[in-house]
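These are my notebook entries on a two-chain model. I record what I looked up, in the order in which I looked it up.

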Amino acid sequence: MNQLRTLYPETPQVILDTGNFSDNPTPAGDVKTRSLLEAMGRIGYAAVNVGERELLMGYDAFMEKTAGASVPLVSTNVVRKDTKEPVFKPYVLIEAKRGGGRPAFQIGVLGVVRFNPLFLKSGPDNSSMVIASPKEMVRRYLPEVRRRANVVVLLAAIHQDDARLLARDVPGIDFILGAYGGFTSTGDSPEGTTTILYAGNQGKELGETRLFFDGSTKARAVSYMHHLSARYPDDERMLDFTNVVAARLNAQTAARRQAAEEAKTSAARAPFAGAAACGACHAAEHEQWRGTGHARAFDVLHAQKRERDLACLTCHVTGAGEEGGFRDPEASPQLVGVTCESCHGPGAEHAARPARGYGKTDVSSCIGCHNRQNSPGFDYYAYLPKVVHGAGSSR
Amino acid sequence: MSGRIRAFSRGLLVLAAYGGLFAWGQTPPPVGPPPKGAAPQEIGESFRSPQGALIAPGKAPDASLLFTGDVLGYVDPCG
């Protein structure tokens, strides 16, 4: 965003989120959800769609998290059960002010969440909330938005196939910007006059659509999808902010872990042996593993101050979240990194009574972490030589 | 990402007060992907930024829509 702002200082940026930004309703999840709302406010999001995840604990719990965060929320089809009226603003109008004395124009933004007939949550003023048909609700508000706006955007927390059907059934939407199930657009995906773009998940993708009103008579759109890898430099202020959040989370997790540790039974029951125990018999394999990226997988979390974040730990240590698995770097240093037992399974029993039959592994061990979001370039056959143990490995 | 707070809310309040007066009062221009014959060196082509470039160069747009979604509680990438 900074680079675009530098490159195009007179181009207004309209920053949007398609919804389902909230974490799980846990103490750590609440910290993250509040932090994301605060961050979106700081960044200047112009509209944020309300997804099902935002409403897991009902309207009041969500609104309490939004307190102090200036984020405009939209949704056409989260409605009160009694009145069938939207709980949030069904749409917002955003004035895009152009430089050079050119007239401003209006962008109308609606929001929609996937139809879920089982959804029933507590709503405002002791009401109940349900999810109405996206098609019906968009059809209800689109003519009004179309009249008032030059560009109409629908933020969609729905499957891309449903987005296509919606565009077909309700013509007149210029853009459906969505996210669902990790799907990421790799090209313009038109349906009639509607362009459909999807932005992956986990905040790893940023969609960019440039609008050109040449002579104010005909507008064109050019889109890009930015995979926000380390190539994109951090904004210093946001980096400071995320570090504060990470520190808060780490302290919270450490306190919780300590309490859990006190209640835990003895480590003797732990199913994990640790890499050193494996190396006692499988020295060559252990030495070869020490040179792999798997052995260093925890380093990046340490560098990012995320060494106690369970969402990250799962793929960077061994047995995170499992009984007897990784607790923290101090309590379980033998399980730091993606060790032998990440691929071969818990090995304490095998270490105590070595026998054939333990440790067979295959691609299923890899794809839990090397998925499209975390490891988009993953190719099993290209990656395998980086970790496979050489000829002469003991079996 | 930038931490600069922008005053969209003020604009929205004004819009709420004045309603449709701010609409252009003309048929909105159509939008969509660029036609095949468009000068690519001017406005570029969707999903085709020059090799290695973080930001595609080209003519300044009239507005940029930037969007995220399904963030699922990820405040920051794991690394």
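**Entry 1. Domains and conventions**

I began with the domain assignment of chain A, which gives domain 1 (2-227) and domain 2 (272-387); such bounds come from an automatic or database domain assignment. Taken over C-alpha atoms, the centres of domain 1 of chain A and domain 2 of chain A are separated by 39 Å. I note that this is a predicted model, in which local features need pLDDT of at least 70, side-chain atom pairs count only at pLDDT 80 or more, and totals for chains, interfaces and linings use all residues. Residues are numbered from 1 along each chain as its sequence is written, and chains are lettered from A and ligands numbered from 1 in the order in which they are written.

**Entry 2. Confidence**

I looked up the overall scores and found ipTM 0.76 and pTM 0.73. I then turned to pLDDT, the predictor's confidence in each residue, from 0 to 100. Chain B averages a pLDDT of 63, and 47% of the residues score at least 70. Among the elements of chain B, the highest mean pLDDT is that of β1(B), at 97, and the lowest is that of α1(B), at 34. Helices (H or I, at least four residues) and strands (E, at least two) are DSSP runs, numbered from the N terminus. Over residues 1-30 of chain B, pLDDT stays under 50, and the model has 53 contacts beyond four places in sequence for them.

I next checked the strands across the contact. Strand β1 (residues 13-17) of chain A runs parallel to β1(B), joined by 5 bridges; two strands pair if DSSP finds at least two bridges between them. Phe67(B) is the bridge partner of Leu16(A), and Ser64(B) is that of Gln13(A). Within chain A, 2 bridges join β1(A) to strand β2 (residues 47-49), also in parallel, with Asp17(A) opposite Val48(A).

**Entry 3. The six-strand sheet of chain A**

I traced an open sheet of 6 strands with mixed pairing, in the order β5-β6-β9-β10-β12-β11 (chain A). β5 (91-96) and β11 (189-191) of chain A stand at the edges with a single partner strand each, so one side of each has no neighbour in the sheet. The twist averages 25 degrees from one strand to the next, angles running from 0 to 180 degrees between N-to-C directions of axes fitted to C-alpha atoms, for helices over the stretch in contact.

β5(A) pairs with strand β6 (residues 105-113) of chain A in the antiparallel sense over 6 bridges, and Val92(A) stands opposite Val109(A). Helix α4 (residues 134-148) of chain A lies across β5, β6 and β9 (151-157) of chain A, at about 175 degrees to β6(A).

β9(A) and β10(A) pair in the parallel sense over 4 bridges, Leu154(A) having Ile176(A) as its bridge partner. Both faces of β10(A) are covered, with Phe175(A) and Leu177(A) buried on one side and Ile176(A) and Gly178(A) on the other.

**Entry 4. Ser375(A)**

Lastly I looked up Ser375(A), in the loop between α12 (348-352) and α13 (380-387) of chain A. Ser375(A) is partly exposed because 14 other C-beta atoms lie within 10 Å. Not counting residues up to four places away in sequence, Ser375(A) touches Cys369(A) and His370(A).

Terms used:
Two residues are in contact if their C-beta atoms, placed from the backbone, lie within 7 Å. A residue is buried if 20 or more other C-beta atoms lie within 10 Å of its own, exposed if 12 or fewer, and partly exposed in between; C-beta atoms are placed from the backbone.
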